[in-house]
Amino acid sequence: MDKQQALVRKSSVVNMENFKRQYARRRWKLSYRIVSLCNRLSRSLVSRVLLQEELNDKTVLVSKEPTRLTLSPPPLQDQGQ
């Protein structure tokens, strides 16, 4: 093997330090995305629960409102007979 072949072979070998750094960066980005996704899902779930509770409170308030009773006069009876 001459010098030229040795240089080509050396340049084609994967640099393990760069590979380890890239792999660590990739894992970090993936974990960041997962945490971000969990936070978004958590916020949407909390907002959905709060919205549902608000709707339930409104229906309870509506059902607890006092109803007005209107007194209607008694039906007219035929007095001619």
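Q: How many helices and how many strands are there in the protein chain?
A: In this predicted model, the protein chain has two helices and zero strands.

Q: What share of the residues of the protein chain counts as buried?
A: Buried requires a relative accessible area under 20%. Of the 81 residues of the protein chain, 0% count as buried. The accessible surface of the chain comes to about 8,900 Å², and carbon and sulfur atoms account for 58% of that surface.

Q: How many aromatic pairs does the structure hold?
A: The structure holds two aromatic pairs.

Q: Why is the pair of F19 and Y23 called stacked?
A: Two rings pair if their centres lie within 6.5 Å, and planes under 30 degrees apart count as stacked. The ring centres of F19 and Y23 are 6.2 Å apart and their planes stand at 15°, so the pair is stacked.

Q: Where do F19 and Y23 lie?
A: Both residues belong to helix α2, which covers residues 16-64. F19 and Y23 are four residues apart, about one turn of the helix.

Q: Why are F19 and Y23 called partly exposed?
A: The term applies between the limits of 20% and 50% relative accessible area. F19 has 43%, and therefore counts as partly exposed. Y23 has 39%, so Y23 also counts as partly exposed.

Q: What makes W28 and Y32 a stacked pair?
A: The centres of the two rings are 5.6 Å apart, and the limit for a pair is 6.5 Å. The planes of W28 and Y32 are at 15°, under the 30 degrees required, so the pair is stacked. W28 and Y32 both lie in helix α2, four residues apart, about one turn of the helix.

Q: How do you know whether W28 and Y32 are buried or exposed?
A: Exposed means over 50% relative accessible area. W28 has 56%, and is therefore exposed. Y32 has 54%, so Y32 counts as exposed.

Q: Which residues form the nonpolar patch on the surface?
A: The patch is formed by V14, M16, F19 and Y23, which together have about 410 Å² of accessible area. Members of a patch need over 30% relative accessible area; F19, at 43%, is partly exposed.

Q: Which residues gather in the patch of positive charge?
A: R21, R25, K29 and R33 gather in this patch on the surface. One of them, R33, is found in helix α2. R33 has a relative accessibility of 59%, over the 50% limit, and therefore counts as exposed.

Key
Residues are numbered from 1 along each chain as its sequence is written. This is a predicted model: local features need pLDDT of at least 70, side-chain atom pairs count only at pLDDT 80 or more; totals for chains, interfaces and linings use all residues. Side-chain values use heavy atoms; hydrogens and water are left out. Rings of Phe, Tyr and Trp (its six-membered ring) pair if their centres lie within 6.5 Å; planes under 30 degrees apart count as stacked, over 60 as edge-to-face and the rest as tilted. Buried means under 20% relative accessible area, exposed over 50%, partly exposed in between (1.4 Å probe, protein chains only). Accessible areas come from the Shrake-Rupley method with a 1.4 Å probe; for residues, only the protein chains shown count as cover. Patches are made of residues with over 30% relative accessible area and no salt bridge: like charges are joined within 9 Å, nonpolar side chains (Val, Leu, Ile, Met, Phe, Trp, Tyr) within 5 Å. A salt bridge is a side-chain nitrogen of Lys or Arg within 4 Å of a carboxyl oxygen of Asp or Glu. Lys and Arg count as positive and Asp and Glu as negative; His and the chain ends are not counted. The place of a charge is taken as NZ of Lys, CZ of Arg, CG of Asp or CD of Glu.
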